[in-house]
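Some comments on the model follow, as numbered points. Please read them with the structure open.

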Amino acid sequence: MKNENFVQIPNKMFADTNNDEKLVYAILQYTQTVGHLDKDNRMTRTMIPLLISYLGWSKGQYSNKKVVKALNGLKDKGYVNFESTQDVFTVQINKWNDKEEHIVSVDWKQSGVKFSGFTKIKYSVIDTLLEGKNFTLYAYTEYRKMKTHQYRICYEEWGFVLGMTSRNAFNVIDNSEVIIRVSNGFDLDTNRRETNSYLTFDSVEDVKEVSLKPTYKAQSSKSVVKEPELVEEDFDNFEEEELSLKPKVKKRNAITDKKINDMQNEFFGRTIHHKILKKITDPRVITIEQVKELTDFKYPMSLENYNILKTTKDGYLTEKGKIKLDNPQWNKKHFNQLNNEIGRKKQSESEFTQEEIKDIIKYQYDEEDEKPRKKRKKLGNDISKWL
């Protein structure tokens, strides 16, 4: 593989910065120009709207405040320096000692957590790491990857790095698509499940290889057998770093080569649906979900997308949609649902709403019965009728 450009994240940032600060720091390096590169203190000229654009955040005061807060946080912690964030401004990215070790005391590990050196984050993956905790998850996993050993990360350590509880860290990791868990099996001697190792999404092909590497943390037992990964319902039973096996436990199938390949294709936009979307010219079709509804036999079709198909001038989309609508299996499984939705739409268009009915009654009463009503009122005030 050819060498790629990258940004450098000081590993001590995992101990004292939040996700936004790491992201902004990475973008500041990403936007450096050759003319401002310096071995000791690197410089970059930027502005708040430009940083927001690179971050992929929505424009507005909320994003402005987030970026300014992250910049000030980086400045207070000594990672960058600048005079003001008004208009175009210059940011100095300060040099750090990558040999210095930073040890943070924690209540779940006697020796504390040590940080030193820096982690390289390739330019090619930065755009996929801009939302939520994705950047921190990816960067920390990249930091803990080792050539000869595997580094096991307990949920308490993840919670510390992400700035949350270990339970919430479990949920974040369980729903993440940027890192992959490598199960290290169940230790029969200690009667505990071994702590997981992790890989980044762009290195998942190494799952089998990593599971065979010796662990970074010395083990007292060698009788480890592979067991299915646990799911969220079992999280309450974790004790420190491992989990005692229960007689009844919900199991998850081990990750397969096909699943790994599917995840990579989805993440990098290499699926058949992504390819179809690139060929569609109708401006109303902008998401993968729409493509699935319009062209894939496995998915039902909403009335909204059906109307797009019927009114589009895109010949390619018309052809793909017609093939789907003519498919016998799709018709058997999903056509009734679409047909019922069409019927409900037509019925609603042909019926008056309650408000419309009230307006009609009011109109008829006010216009047609105006004179009799006035006459009754006049008679009611005239006592001569009782004489």
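1. Which residues does Lys292 touch, not counting residues up to four places away in sequence? With that exclusion, Lys292 touches His273, Tyr299 and Lys324, where contact means heavy atoms within 4.5 Å. Lys292 belongs to helix 12 (residues 288-295). The relative accessible area of Lys292 is 12%, so this lysine is buried (buried is under 20% relative accessible area, exposed over 50%, partly exposed in between, with a 1.4 Å probe and protein chains only).

2. The basis is a predicted model, in which local features need pLDDT of at least 70 and side-chain atom pairs count only at pLDDT 80 or more, while totals for chains, interfaces and linings use all residues. Residues are numbered from 1 along each chain as its sequence is written, and side-chain values use heavy atoms, with hydrogens and water left out.

3. The protein chain holds 17 helices and 14 strands; these are DSSP runs numbered from the N terminus (helices H or I, at least four residues; strands E, at least two). Of the 387 residues in the protein chain, 38% are buried. Among contacts with a separation of 6 or more, 60% join residues 24 or more positions apart.

4. The largest nonpolar core has 53 residues (a nonpolar core is a set of buried Ala, Val, Leu, Ile, Met, Phe, Trp, Tyr and Cys residues joined through side-chain atoms within 4.5 Å). Tyr25, Leu71, Ile121, Tyr140 and Trp158 have the most contacts inside this core. Leaving aside neighbours within four places in sequence, Ile121 is in contact with residues including Phe6, Val7, Ile9 and Phe135. A second, separate core of 15 residues includes Val285, Leu303, Tyr306 and Ile342.

5. Helix 6 (residues 134-144) packs on helix 7 (residues 155-162) at an angle of about 125°, with the axes 11 Å apart. Axes are lines fitted to C-alpha atoms, for helices over the stretch in contact, and angles run from 0 to 180 degrees between N-to-C directions. The angle makes helix 6 oblique to helix 7 (under 35 degrees is roughly parallel, over 145 roughly antiparallel, 65 to 115 roughly perpendicular, and the rest oblique). Helix 6 contributes Thr136, Leu137, Tyr140, Thr141 and Arg144 to the contact, and helix 7 contributes Glu157, Trp158, Val161 and Leu162.

6. Asp87 is in the loop between strand 3 (80-81) and strand 4 (89-93). Its phi is near 55°, a positive value in a residue other than glycine. Asp87 counts as exposed, at 66% relative accessibility.
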